[in-house]
Amino acid sequence: MIRRARLLAVLAALVVGAMGVISSTQTWLVAVLDDGAGHELTVTGAAAVPVLTPLSLAVLALGGALSIVGVVLRYAFGVLTVAIAGLLAFLSAQIAFTTPVSAAASTVTSATGITGAEAVDALVASVTATPWPALTFALSILLLAAGFLILATARRWTRNGRRYESETATAAEAAPDAPASRPFDAIDSWDDLSRGADPTADTTPGPR
């Protein structure tokens, strides 16, 4: 169960981080200008929430490093995950549920040259949100749950090297002539590689 919790937390961070980067390039808002012609401007996630891309990249980095760090850093990464998830949830919820004109201000200014909150507000006739802000909000809630899962289980994550040594020793005592074996999964392989070991290498001694 604890091993599964680690895998779920890492996968959640990687999925949310990757989707956050993708979301930052998609259209979040469509602003219609009150200029007589009703021109439409599309607002990307990165324009609506400027911190979306860097925070998503940070989540990807956390997910990649989470499986190989010690107990103290697991808790630190868990706290960071919860903080980032809370911020992303707050910012994406504002756009998904209130569609403020201020989220489109930078795009409107770039297109028209008009600056100032009141001037931009007067120029924009309507702002409509696409499904992307709501999807990002849902992903943020998933990341928040992953952060709490990390904090709840981090101390009980098994140190892979010690587990393998114990399993190998037990197997050797039970069957001295049998080749040593160990369980294998993707995260454990990453741990071995981080220590400079080849997880696919056959360490069974050959005949002399």
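I need one cut-off first: a residue is exposed when its relative accessible area is over 50%, and buried when that area is under 20%. I also note that this is a predicted model.

Entry one: Phe97. I looked up its place and found it in helix 4, residues 71–98. Is Phe97 buried or exposed? Its relative accessibility is 58%, so Phe97 counts as exposed. I then checked Pro133, 36 residues away from Phe97 along the chain. The two C-alpha atoms are 8.7 Å apart.

What is the strand order? I read 2-1-3 for an open sheet of three strands, with antiparallel pairing. Strand 2 and strand 3 (124–129) are the edges, each pairing on one side only. On average, neighbouring strands are turned by 25 degrees against each other, direction ignored.

Strand 1 covers residues 27–33 and pairs with strand 2 in the antiparallel sense, over five bridges. In this pairing Leu29 stands opposite Val43 of strand 2. I followed the chain from strand 1 to strand 2 and found a hairpin with six residues between them. Gly36 sits in that turn, with a positive phi of about 90 degrees. Strand 1 and strand 3 are also antiparallel, over five bridges. Here Leu33 has Val124 in strand 3 as its bridge partner.

Which side chains of strand 2 are buried? Leu41 and Val43 are; they point to one face.

Methods. Residues numbered from 1 in each chain as written. Predicted model: local features only at pLDDT ≥ 70, side-chain atom pairs only at ≥ 80, totals over all residues. Heavy atoms only, no water. Helix = DSSP H or I, 4+ residues; strand = E, 2+ residues; numbered from the N terminus. Buried < 20%, exposed > 50% of the residue type's maximum accessible area, 1.4 Å probe, protein only. Pairing = 2+ DSSP bridges. Axes fitted to C-alpha atoms, helices over the stretch in contact; angles between N-to-C directions.
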